[in-house]
Amino acid sequence: MAGSVEAGPMTKVRHDRPTWAGRVPRHKIAELYKKEALGICEEVLIDDVGIGLLVRIEHIFRARKANSGLASCPLCQREIPHDFDPAFQLRCESCNWELTWTEYQKSFQGKHLIASGMTAFLKEYVKKYKVARSPQEKLILIDTLIHRYHWELEGGLTGPGARDLIAGKPNEVIDFLNQLSYGTSSSPEILATRQEWLDKVRKSRAQYADAVKERELKDEKKRQKAEEKNRRRTLKAKARQAGRAGRSNAGEVRDGT
Ligand SMILES: [Zn+2]
């Protein structure tokens, strides 16, 4: 009798969109540094932020994988290959789930889950955090990670890596990190990272200013070239006109030459 008329779970196809871990809220990070500056070790808060970053990174790698041809079932995480056709039906037999690739892709677009130029740092964090014992060790790993720059290893310094890990626009994230609390109780490693960070911000801003200057210079050259071309064209036209006037005075009119 039991369950005889009920529709079993396998008869109804599910279309859940995958959900993605968000970035770590700024107020938690601010609190972390406030406590550290006062010499207070808040293990629960450190774990909260540290694990939040771990999950976020796991989802970054999952989104990247999906973007390179291997999506995963949002219910059991089984990997499902696809061919990038927007209408491609991703399907998980065991969960009775399906969704088109375009719907799946929409679920992570605009969520800063690709984090290019950060791969080495994300991997390093995951590897070290999983074996870190003391809260102090964990805090240093968090601190190191959130002060990385995209493409830092390649010397690019294009933007703060924390943009993909902590909520906010690039400049907001930089200002936020600049304003974190430090004190005599802050650990030497954290103070050293702070110094490196300030240097990177300076360097990145200088790189940016140089790029802007270079672009302005290029634009100015282009403008001058266009002006010169224009000037010559006007001169030529004037010369032609004068020539035509001369010829017509001489009685022989030729057009279009
Ligand atoms: Zn599944």
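## A pair of strands

In strand 4, the residue that forms the bridge partner of L90 is L99, where strands are DSSP runs of E with at least two residues, numbered from the N terminus. This is a predicted model, in which local features need pLDDT of at least 70 and side-chain atom pairs count only at pLDDT 80 or more, while totals for chains, interfaces and linings use all residues. Residues are numbered from 1 along each chain as its sequence is written, and side-chain values use heavy atoms, with hydrogens and water left out.

Strand 3 (residues 89–92) and strand 4 (residues 97–100) run antiparallel and are joined by 4 bridges; two strands are said to pair if DSSP finds at least two bridges between them. Together they form a hairpin with 4 residues between them, and N96 in the turn has a positive phi of about 55 degrees.

## The faces of the strands

In a regular strand the side chains alternate between the two faces of the sheet.

## The zinc site

The zinc ion is coordinated by the SG atoms of C73, C76, C92 and C95, at 2.2 to 2.3 Å; donors are N, O and S atoms within 2.8 Å of the metal (3.2 Å for Na, K and Ca), and water is not among the atoms, so sites may look incomplete. In sequence, these donor residues follow the spacing C-x2-C-x15-C-x2-C.

The 4 donor atoms subtend angles of 108 to 111 degrees around the zinc ion, which makes the arrangement tetrahedral, a label given to four donors if all angles lie between 85 and 135 degrees. C73 counts as buried because its relative accessibility is 0%, and C92 is buried with a relative accessible area of 1%.

## Confidence in the model

The mean pLDDT of the protein is 88, and 91% of its residues reach 70 or more, where pLDDT is the predictor's confidence in each residue, from 0 to 100. Over residues 1–7, however, pLDDT stays under 50. Where pLDDT is low, the predicted coordinates should not be read in detail.

Conventions
Four donors count as tetrahedral if all angles lie between 85 and 135 degrees; four count as square planar and six as octahedral if opposite donors are over 155 degrees apart and all others between 65 and 115; anything else is irregular. Contact means heavy atoms within 4.5 Å. Buried means under 20% relative accessible area, exposed over 50%, partly exposed in between (1.4 Å probe, protein chains only).
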